[in-house]
Amino acid sequence: MVSSRSSILLLIASQLLALSPSTSSVLASPSKWTDDQPLEREILGSATSPSRKLRKRASGYNNPADNGGYMLTIVNGTYPAGLGEPLNVILSADSDKEVLVKSTDKGGFLNYMLVAGLGEECLGQHLGSIQEANLGDNQGNVSEVEELRYNYGNPYIGTCQETFNGGLHLRYWIQNTTNAYFMAVSVEMDLNSGHDIVRNGYNIGRDQLIGNLTGTTIETKNLTNTSTFSGIGTYMNYTYQTNVQYVSGLLQNSSDDINHYITVEEDGLPAIDGLVAVLTVKITDRPPSYVSYTHLPTPRLSIYLD
């Protein structure tokens, strides 16, 4: 239930959206998704012992199930009880260290997410439910770091529009043992529909995110555990090379224990296809104010002149 304070903030947000310029006149980000992809597509894209020493996988993350964790989130108050949402995207810890920092500065994770048009929530207020996850990193059940929402081409207050209209959104957690980011990505309905998940919304949300980050079109029905994609995206003069591998074995091709499974199942298929998109991201270009002294011996010293 939305509190009175949240109701006031939603009212303010609705007034701001009414006063703001249309999406077409808003200052657009320099990333590919704003330039040559139709808005309609974006909207649709709208236990073992705790003492066991974990070993970092070559793929840059640990399977939570290897140490008592889960690849489904923990959602309170579901019917039936015990349902969760798939952690269907992983940002590998083999990515550049700057991308693994929760920040919009210096090419950090939040700046990278803006390549896909995803930003922090409307007026800094979280109006959805808080979900938890256990990433098998000896931290137990941990609340989400935050929720990111699609900004409809307006990086300032566009996430307010997603709160009302629905669309692409994600929650994320950071694995303590590897620093990999685990994301639960989906496309949700509008606020009046209680933000239920659209048909096939977990798979579509995952693939919309990947498509936006790589500048490619993902055909969900054609994906297998051998599917790979690669592409570049730019935001605030940081250019990111994203390499994607779809992997099986972390999630099941099933509707079992999946939240909103009734609204998500489509054409007799399970709610999720069991594939997880693993991203490895490198920053290939930085703004002129960034100076990197690559000639120095390890550890590498980088100086930012912001």
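Contact means heavy atoms within 4.5 Å. This is a predicted model, in which local features need pLDDT of at least 70 and side-chain atom pairs count only at pLDDT 80 or more, while totals for chains, interfaces and linings use all residues. Residues are numbered from 1 along each chain as its sequence is written, and side-chain values use heavy atoms, with hydrogens and water left out.

Figure 1. Leaving aside neighbours within four places in sequence, L209 is in contact with V89, M113, A116, L118, L168, L170, M183 and V185. A nonpolar core is a set of buried Ala, Val, Leu, Ile, Met, Phe, Trp, Tyr and Cys residues joined through side-chain atoms within 4.5 Å; buried means under 20% relative accessible area, exposed over 50%, and partly exposed in between (1.4 Å probe, protein chains only). The largest such core has 60 residues, and M113, M183 and L209 have the most contacts inside it. Among the elements that give two or more residues to this core are α4 (109-114), β7 (181-188) and α6 (201-214). Helices (H or I, at least four residues) and strands (E, at least two) are DSSP runs, numbered from the N terminus.

**Figure 2. Helix α6 and the residue that follows.** Of the 14 residues of α6, 13 are buried, and the helix is mostly covered. The expected span of a helix is 1.5 Å times one less than its number of residues. For α6 this should give 20 Å, which agrees with its end C-alpha atoms being 20 Å apart. G215 follows α6 and has a positive phi, near 70 degrees.

**Figure 3. The disulfide of C122 and C160.** A disulfide is a pair of cysteine sulfur atoms within 2.5 Å. The structure holds one disulfide, formed by C122 and C160 with their sulfur atoms 2.1 Å apart. The link is right-handed, with 90 degrees about the S-S bond. C122 lies in the loop between β2 (118-120) and β3 (132-133) and C160 in helix α5 (residues 158-165), so the pair ties together parts that are 38 residues apart in sequence. Both C122 and C160 are buried. The buried residues of α5 also include G158, T159, E162 and T163. Just after α5, G166 takes a positive phi of about 80 degrees.

**Figure 4. Q131 and its partners.** Q131 lies in the loop between β2 and β3 and counts as buried at 2% relative accessibility. The side chains of Q131 and T73 are joined by a polar contact of 2.7 Å. A polar contact is a pair of N or O atoms within 3.5 Å; within protein, one must be able to donate a hydrogen and the other to accept it, and residues adjacent in sequence count only if both atoms are side-chain atoms. Not counting residues up to four places away in sequence, Q131 touches residues including T73, E85, R171 and W173. Q131 and E85 are 46 residues apart in sequence, with a C-alpha to C-alpha distance of 9.1 Å.
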